[in-house]
Amino acid sequence: MTQHPLNLLIVSSEAVPYAKTGGLADVAGALPLEMAKLGHDVILLLPHYRCLSESGRSFRSVCQLRVPTPQGLVETLIEEDLIPVGEGGRGVRVWTVRNETFFDRPGLYQERGIDYPDNLDRFSFFCRATIEVIAHLRTACRWTTHILHLHDWQTALCAVYLKTIDRDRLDVQGVRTVLTLHNVGYQGLFPGEQFENMGLPPSLFTPAGLEYYASVNVLKGGIVFADYVTTVSPTYAREILTPEFGFGLEGVLGNRADRLLGILNGIDIDRWNPETDSYLPANYSVIDRTGKQVCKQGLQREFQLPKASAPLLGVIARLTSQKGLDLVATIIPQLMAMDLQLVILGTGEPEIEANLKALQARHPLRMGLRIGFDEGLAHRIEGGADMFVMPSRYEPCGLSQLYSLRYGTVPVVRKTGGLADTVVPLTARARQAERATGFHVEEDTAAALLAELRRAVAVYQDRPMWDQLVEAGMHTDVSWARSANAYDRLFVSLVREGKSHVS
Ligand code: ADP
């Protein structure tokens, strides 16, 4: 339990179980519960997308707020759902911001691969609504937001508003802001002409503010104005200070290096638990893994692959070059000549999708492919595969390899970001200490990936060695407990610091 219970307002553009496009949703779904378990009073704030209305969850109306926009004040309904936490715990309140024009759409950010053209308007509206929620909580509910925890560019403007146009408002004074960067590759870049849509003074459209080579860069604004910036692994926190990984923001991040911290993500170990996972055809544990064999056979059937004892490699990813899926596509002809099977689940760049489809058509007995987003199948791949392949060019933290560790599916990962921090590679030293949990691909080349996969397939034949890898992975602590404590320490120190500024 925390020594200092705080009021935390966690704001995200997606969170499990309400809306998900990627790992951010897993984090924003799990972290509030973990912080509540530590004794904090937590509200999670989300846009009320169409999928929330269709989710079958019941929301009750909380209040009507007026949100300033360039077109004037817009009446906005705030609704609430409750997520229980532990026995008799206070639970997490989930508040949602309704705006049918902006959020009642099929997608969260895009449709058929094309971003909504008004994304800046949509998320600046969400951020301005957040400021009104903070004011409402203080004035109507006597609930002072101690920490406003923001995630990625979609919520970054909250930090900008609080430090600029809203800085003299008494009803939002003293809020400490933390911006967590889940992927610096997505910055919220918009044409300069749209700057005025955010309601900020023109003086902020400069290189010291939100301008980035004549464009609007929303994430940059958040990095400049947040009280603290975190990212999701220690290695990525170092990498983003370099041109290779900073995507042009390495200088801005460098200016904040003394206020930048990498805290590893955990996973929801109840949702991702091979012992209880109801998506799996059979459950298993580290002690009795016979169920994993049943999962493997089920997966082979699901992808119409022959029942075989050869290693089954799994991939679940957004099909983008960030995830190195083009590298996987490049080596599939060589992989198909080896004694193995491969299954891939993902959606993404049309070119990669088309390429993979053509390859699958050529190798239907060795390769399965599902283009789409399918939560259940993601669990079944984690359960049924022997290895999980994740050759990301960069990876802030990565969650899939953590699920793999928990499911005894040995990860073969690129040595970057959170992948480097969470997978212990099979080196002579780690082997001796029985600590190894997977394989590191050193370079982002197809040749390096192929070489490491060949090595992994060879080790697979060495049963005792492979079992050791599987067991070390399944014993790895991938829960949120450690990371939640790191956030707790940061939040408490920021609130203390804020108080000492005031006194
Ligand atoms: P990122 O957030 O960059 O996409 P992560 O590894 O952090 O990558 O998280 C990806 C999450 O999204 C995991 O929970 C993974 O299982 C899930 N996921 C990705 N693609 C799909 C898909 N096509 N179907 C189901 N789940 C998916």
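**View 1. Helix α6 (residues 218-225) is largely enclosed by the rest of this predicted model.** The buried residues are Val 218, Leu 219, Lys 220, Gly 221, Gly 222, Ile 223 and Phe 225. Helices (H or I, at least four residues) and strands (E, at least two) are DSSP runs numbered from the N terminus. Because the model is predicted, local features need pLDDT of at least 70 and side-chain atom pairs count only at pLDDT 80 or more, whereas totals for chains, interfaces and linings use all residues. Residues are numbered from 1 along each chain as its sequence is written, and side-chain values use heavy atoms, with hydrogens and water left out.

**View 2. Gln 187 lies in the loop between β9 (176-181) and β10 (189-191).** Gln 187 is buried, with a relative accessible area of 7%. Its side chain has a polar atom 3.0 Å from the backbone oxygen of Val 184, and a polar contact of 2.8 Å joins the side chains of Gln 187 and Asn 217; a polar contact is a pair of N or O atoms within 3.5 Å, of which, within protein, one must be able to donate a hydrogen and the other to accept it, and residues adjacent in sequence count only if both atoms are side-chain atoms. When residues up to four places away in sequence are not counted, Gln 187 touches Trp 153, Asn 217, Val 218, Leu 219, Gly 246, Phe 247 and Leu 249, contact meaning heavy atoms within 4.5 Å.

**View 3. Strands β10, β12 and β11 form an open sheet in the order β10-β12-β11, with antiparallel pairing.** The edge strands are β10 and β11 (211-212), each of which pairs on one side only. Three bridges join β10 to β12 (residues 215-217) in the antiparallel sense, and the bridge partner of Pro 191 in β12 is Ser 215; two strands pair if DSSP finds at least two bridges between them.

**View 4. Strands β3 (residues 60-69) and β4 (residues 72-83) pair in the antiparallel sense over nine bridges.** These two strands form a hairpin with two residues between them, and Cys 63 stands opposite Ile 78 in β4. Strand β4 is also joined by six bridges to β5 (residues 92-97), with which β4 runs antiparallel, and here Glu 80 stands opposite Trp 95.

**View 5. The largest nonpolar core has 169 residues, and those with the most contacts inside it are Ile 344 and Leu 356.** The largest share of this core, 11 residues, comes from helix α4 (residues 119-141), and the core draws at least three residues from each of domain 1 (7-266 + 481-502) and domain 2 (290-478), with bounds that come from an automatic or database domain assignment. A nonpolar core is a set of buried Ala, Val, Leu, Ile, Met, Phe, Trp, Tyr and Cys residues joined through side-chain atoms within 4.5 Å. Among the residues that Leu 356 touches are Leu 319, Ile 344 and Met 367.

Conventions:
Buried means under 20% relative accessible area, exposed over 50%, partly exposed in between (1.4 Å probe, protein chains only).
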